[in-house]
Amino acid sequence: MTVLPTNSINQESHVTTGATVWLTGLPSAGKTTIAHELAGRLRAEGHRVEVLDGDEIREFLSAGLGFSREDRHTNVQRIGFVAELLARNGVKALVPVIAPYADSRDAVRKRHEENGTAYVEVHVATPVEVCSERDVKGLYARQAAGELTGLTGVDDPYEEPEAPELRIESQHQTVQESAASVHALLSERGLA
């Protein structure tokens, strides 16, 4: 038997403990920005990370779904399925998706629990007034102009999480501070 010197073995190291981190909150709350900041930090530490962006999922996985309560529930369940599958296979799945209904988020959590997969819910609790000022995608302006209805948190419900693992008020901290607080929680749980 030949023992290879350590330096000749592929030393690409990846941390293989997967988890889903679901960032829920209103449109323009900062969910995606925080997720990408956290992803960079986790990747730098050797974690395998995927950001499941809600807009991309709607385009590629949930095309054809509208914004009725039923369609929103279906969309969240599809994303939850993919996130759990990734997390079960050692990936940190960061999910910056509104998921406005508590029962939809609870079903995703239950799927993770049934499979023994780590799940962390982060509520990016930015007030609607701040979100409408940020208005990253112009949704609030379109709603105010009467061009859009069904905007979550304005004329469609958003059920805030009652007991998320972490609540972030992004209007009071930088993106880096918000991502650091999620990272600290993951570290406390042995996930980062």
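Residues are numbered from 1 along each chain as its sequence is written, and side-chain values use heavy atoms, with hydrogens and water left out. Because the model is predicted, local features need pLDDT of at least 70 and side-chain atom pairs count only at pLDDT 80 or more, whereas totals for chains, interfaces and linings use all residues.

Five strands form an open sheet with parallel pairing in the order S2-S3-S1-S4-S5, where strands (E, at least two residues) and helices (H or I, at least four) are DSSP runs numbered from the N terminus and two strands pair if DSSP finds at least two bridges between them. Strand S2 (49–51) and strand S5 (166–168) are the edge strands, each pairing on one side only, and the twist from one strand to the next averages 20°. Strand S1 (residues 19–24) is joined to strand S4 (residues 119–124) by five bridges in the parallel sense, and tryptophan 22 has glutamate 121 in S4 as its bridge partner.

Helix H3 packs on the sheet, touching S1, S2 and strand S3 (92–96) (contact: heavy atoms within 4.5 Å), and its direction makes about 150° with that of S1 (axes fitted to C-alpha atoms, for helices over the stretch in contact; angles from 0 to 180 degrees between N-to-C directions). Helix H7 (residues 175–188) lies across S1, S4 and S5 and runs at about 175° to S5.

Nine salt bridges (a side-chain nitrogen of Lys or Arg within 4 Å of a carboxyl oxygen of Asp or Glu) are found in the whole structure. One of them joins the side chains of aspartate 55 and lysine 137, at 2.6 Å from N to O; since aspartate 55 lies in helix H2 and lysine 137 in the loop between helix H5 (128–134) and helix H6 (139–144), the pair ties together parts that are 82 residues apart in sequence.
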